Number of protein chains: 2
Amino acid sequence: MPVSAPRLADIAPFHVMELLGRARELEAQGRDIIHMEVGEPDFPTPEPILAAAREFLQDGRVFYTPALGLPELREAISGFYRQRYGIAVPASRIAITAGASGALTLALACLAAPGSEWLLTDPGYPCNRHFVRAFEGVPVSIPVGAASNFQPTRLDLEQHWNERTAGALFASPANPTGTMLDAAELADIADFVRQRQGQLIIDEIYHGLTYNGDAPTALAAGDDIFVVQSFSKYFQMTGWRLGWLVIPEPFVRDVEKLAQNLFISASTPAQHAALAAFQPETIALLEQRRTEFKARRDYLAPALEAIGFRITAQPEGAFYLYADCSALTDDSFGFARRLLEEAGVAITPGIDFGNHGASSHVRFAYTNAQARLAEGVERIRQLLA
Amino acid sequence: MPVSAPRLADIAPFHVMELLGRARELEAQGRDIIHMEVGEPDFPTPEPILAAAREFLQDGRVFYTPALGLPELREAISGFYRQRYGIAVPASRIAITAGASGALTLALACLAAPGSEWLLTDPGYPCNRHFVRAFEGVPVSIPVGAASNFQPTRLDLEQHWNERTAGALFASPANPTGTMLDAAELADIADFVRQRQGQLIIDEIYHGLTYNGDAPTALAAGDDIFVVQSFSKYFQMTGWRLGWLVIPEPFVRDVEKLAQNLFISASTPAQHAALAAFQPETIALLEQRRTEFKARRDYLAPALEAIGFRITAQPEGAFYLYADCSALTDDSFGFARRLLEEAGVAITPGIDFGNHGASSHVRFAYTNAQARLAEGVERIRQLLA
């Protein structure tokens with residue numbers, strides 16, 4: 001009997017999916033479940049983006065685009081970097097992809113030689129290690145904790161870099177912690193990786209969803225860095241599956257070959273819809289929603305601390321709180337299951353983000369109205385009482 | 001300086017893209033170019049599919065779907081297999097993907113162990129060998145020609161199979177030839193691969209676009225075969241990027257893990273739009289268009305033979321004619337360039353589909369109105385006169 005390739009033994013499912021499946025079962029039985037596990041904004045796609053999609057669909061001519069994307073969308077993103085960050089990123093270095101997932105595919109398919117080691121953080125976005133593994137690279141975890149605000153330091157890099165290390169993939173703001181690297185830290189990391197002849201990839205998909213000021217882009221630290229971005233989070237277009245990859249010039253041709261062969265092109269309706277993402281009225285709406293996310297964070301963090309969780313990170317962005325639950329349990333997975341079964345509150349256990357401290361942490365997503373978050377906190381308080 | 005992974009040296013660009021870029025330049029200069037190179041239907045998305053998309057977009061709730069796709073779309077595809085082929089394929093074995101490209105990604109990421117050999121045809125769809133290579137498998141070409149109607153035979157398999165061979169990936173109807181495997185041939189190939197403990201993958205993306213009767217599905221030859229399908233060709237939804245993969249039961253869980261990690265999910269608007277793809281009024285429209293494609297083929301094949309090309313394959317499906325141009329040139333790439341520059345006719349040189357006989361073949365796509373095809377033929381006739 002044929003069997004799956006060896007890599008499959010190293011590719012984990014999302015454990016939260018198991019909890020989500022159970023949550024759906026309970027809902028089907030009539031239970032009210034408060035969802036604080038979902039990693040996508042709860043807001044609908046902004047109306048100007050929907051209007052652009054509807055207009056594009058009028059004549060039904062929904063054909064392939066060039067492999068790297070609609071030229072006008074690549075230009076619009078270039079303009080966004082100029083306007084928001086004051087940085088020149090030529091459209092020729094921007095590839096439009098099916099979500100950040102497509103961007104990670106292109107980056108790792110291009111860069112990950114078999115056996116090459118890639119430094120990631122633990123905890124971190126779980127798919128990152130699987131993208132590395134899918135292309136036969138070797139993901140190497142850097143355990144990060146509250147002492148470094150759950151971000152890697154130069155010292156971490158020095159300790160984990162060896163002759164097999166090809167590069168590093170970090171996120172700012174990060175999932176599940178919402179913590180950021182500041183401009184100096186980014187530059188320091190970029191400098192170190194450059195000195196070691198390595199390749200740096202930075203995930204910036206939560207840019208725009210930051211609540212103590214804007215996040216600096218790694219692109220300011222050099223044009224030799226791959227940057228992964230998305231229309232899913234700040235632009236709130238999850239289901240459209242659209243993102244982009246900023247490519248260092250020497251790799252543009254190779255990334256284009258990969259995009260031609262692996263994707264043909266990204267969704268055409270999504271690309272035309274996204275042309276409206278940078279309009280002033282869209283940005284104004286997104287900024288209102290950013291304010292709403294900030295209010296939720298500012299409510300939820302102290303509310304969780306009041307019932308026994310500890311937020312040891314500085315959650316400056318994304319829509320997550322990574323909470324230390326060690327005062328309440330030493331088994332975060334069982335704890336999450338108990339919250340769901342007994343309190344009807346769905347959260348994500350630490351195991352979904354790695355192994356380091358996983359059993360003593362859970363992730364709360366504030367992708368739900370504040371009243372629902374408050375109801376969730378109250379239910380947990382009663383359960384723990 | 002960091003460099004691309006070694007696999008990039010083996011991943012070729014689409015050569016036709018170079019010609020297409022030149023065609024666009026010529027058009028920008030005011031030249032009229034007849035496009036017979038494009039591998040996508042020229043028809044707009046059927047109106048019922050557009051209407052379903054517009055209705056779905058009303059409230060803007062465009063969120064992720066489950067990783068394997070909308071349950072109701074998976075059920076609809078299962079129903080399509082039951083109705084059109086009389087075959088039971090449970091929805092649980094169907095994964096919705098971003099085009100057939102996404103299905104090929106899942107299949108090869110799941111199956112291709114590093115160093116494992118995969119048998120493909122030459123000529124064939126060029127991306128296939130790159131999907132194998134991307135996941136560190138080794139693509140092995142079976143040269144196929146007119147004697148076997150450009151399809152592999154059991155004898156070919158016997159001659160190319162060795163202890164490193166893990167499986168085979170073939171297409172019926174095939175690109176660039178439009179030739180098919182009949183039910184007995186499919187069963188014979190499936191039987192051989194099964195005996196050798198290998199895995200068979202069949203690309204059926206041109207099903208529905210066949211002109212001498214329907215194509216048999218490989219699923220009739222066993223439930224242990226991966227089948228790649230697409231909404232792009234028969235359903236004419238190229239730019240939506242939607243397809244599916246039929247998965248043998250033992251691999252469903254691994255494919256689901258890969259889909260969760262590599263994609264999150266396929267385009268949600270596209271999935272809701274595709275729910276209308278199986279409605280009787282959509283099918284009626286698609287069958288009209290199938291008749292139009294047949295008329296184009298029946299016009300174009302003899303018209304090309306009348307001016308010196310030879311159609312040695314039996315083009316029963318897809319929208320391509322693979323033409324032997326050896327009576328006209330021994331350099332099909334230069335010939336294609338000359339046709340573009342001097343006659344304003346864009347076609348695809350054989351090199352895009354492999355090496356076997358590439359310099360003596362070109363591909364004509366009949367994805368253009370018959371009057372335009374006739375104009376193209378007349379221009380070529382005058383150039384060759």
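Are A:Phe235 and A:Phe278 buried or exposed? Both A:Phe235 and A:Phe278 are buried, where buried means under 20% relative accessible area, exposed means over 50%, and partly exposed lies in between, with a 1.4 Å probe and protein chains only.

Before I continue, a word on conventions. This is a predicted model, in which local features need pLDDT of at least 70 and side-chain atom pairs count only at pLDDT 80 or more, while totals for chains, interfaces and linings use all residues. Residues are numbered from 1 along each chain as its sequence is written, chains are lettered from A and ligands numbered from 1 in the order in which they are written, and side-chain values use heavy atoms, with hydrogens and water left out.

Let me begin with the aromatic residues. Rings of Phe, Tyr and Trp (its six-membered ring) pair if their centres lie within 6.5 Å; planes under 30 degrees apart count as stacked, over 60 as edge-to-face, and the rest as tilted. Over all chains, the count by this rule comes to 45 aromatic pairs. One of them joins A:Phe235 and A:Phe278 edge-to-face, at 5.3 Å centre to centre with 70° between the planes. This pair links distant parts of the chain, 43 residues apart: A:Phe235 sits in the loop between strand 7 (226-230) and strand 8 (243-246) of chain A, and A:Phe278 in the loop between helix 9 (268-274) and helix 10 (280-306) of chain A. Here helices (H or I, at least four residues) and strands (E, at least two) are DSSP runs, numbered from the N terminus.

A further edge-to-face pair is formed by A:Phe309 and A:Phe364, with 5.2 Å centre to centre and 85° between the planes. A:Phe309 belongs to the loop between helix 10 and strand 9 (320-324) of chain A, and A:Phe364 to strand 12 (residues 361-365) of chain A, so that this pair too links distant parts of the chain, 55 residues apart. Why does A:Phe309 count as buried? A:Phe309 counts as buried because its relative accessible area is 1%; A:Phe364 is buried at 0%.

A:Phe235 and A:Phe278 also belong to one aromatic cluster, together with A:Phe80, A:Tyr81, A:Tyr85, A:Phe231, A:Tyr234 and A:Trp244.

A:Trp244 leads us to strand 8 of chain A. In a regular strand the side chains alternate between the two faces of the sheet. In strand 8 of chain A, A:Trp244 and A:Val246 point one way and A:Gly243 and A:Leu245 the other, and all are buried. Two strands pair if DSSP finds at least two bridges between them. Strand 8 of chain A pairs in the antiparallel sense with strand 2 (residues 94-97) of chain A over 4 bridges, and A:Thr97 has A:Gly243 as its bridge partner. Strand 7 of chain A is likewise antiparallel to strand 8 of chain A, over 4 bridges, with A:Val228 partnered by A:Leu245.

I turn now to chain B. What is the strand order of its open sheet of 7 strands? The order is 2-8-7-6-5-3-4, with mixed pairing. At the edges are strand 2 (94-97) and strand 4 (138-143) of chain B, each pairing on one side only. From one strand to the next, the twist averages 25°; axes are lines fitted to C-alpha atoms, for helices over the stretch in contact, and angles run from 0 to 180 degrees between N-to-C directions. Helix 7 (residues 183-195) of chain B lies across strand 5 and strand 6 of chain B, at about 150° to strand 6 of chain B.

Next, the interface. Contact means heavy atoms within 4.5 Å, and the contact takes 73 residues from chain A and 73 residues from chain B. The two chains bury about 5800 Å² between them, 58% of it on carbon and sulfur atoms; buried area is the accessible area (1.4 Å probe) that two parts lose on being put together, summed over both. In chain A, the residues that lose the most area to chain B are A:Pro2, A:Tyr64 and A:Asn261, together 11% of what that side buries.

Finally, the backbone. Most residues other than glycine have a negative phi, and most peptide bonds are trans. A cis peptide bond joins A:Asp122 and A:Pro123, with omega about 5°, and another cis bond joins B:Ser172 and B:Pro173, with omega about -10°. B:Gln236, which is not a glycine, has a positive phi of about 60°; B:Gln236 is found in the loop between strand 7 and strand 8 of chain B.
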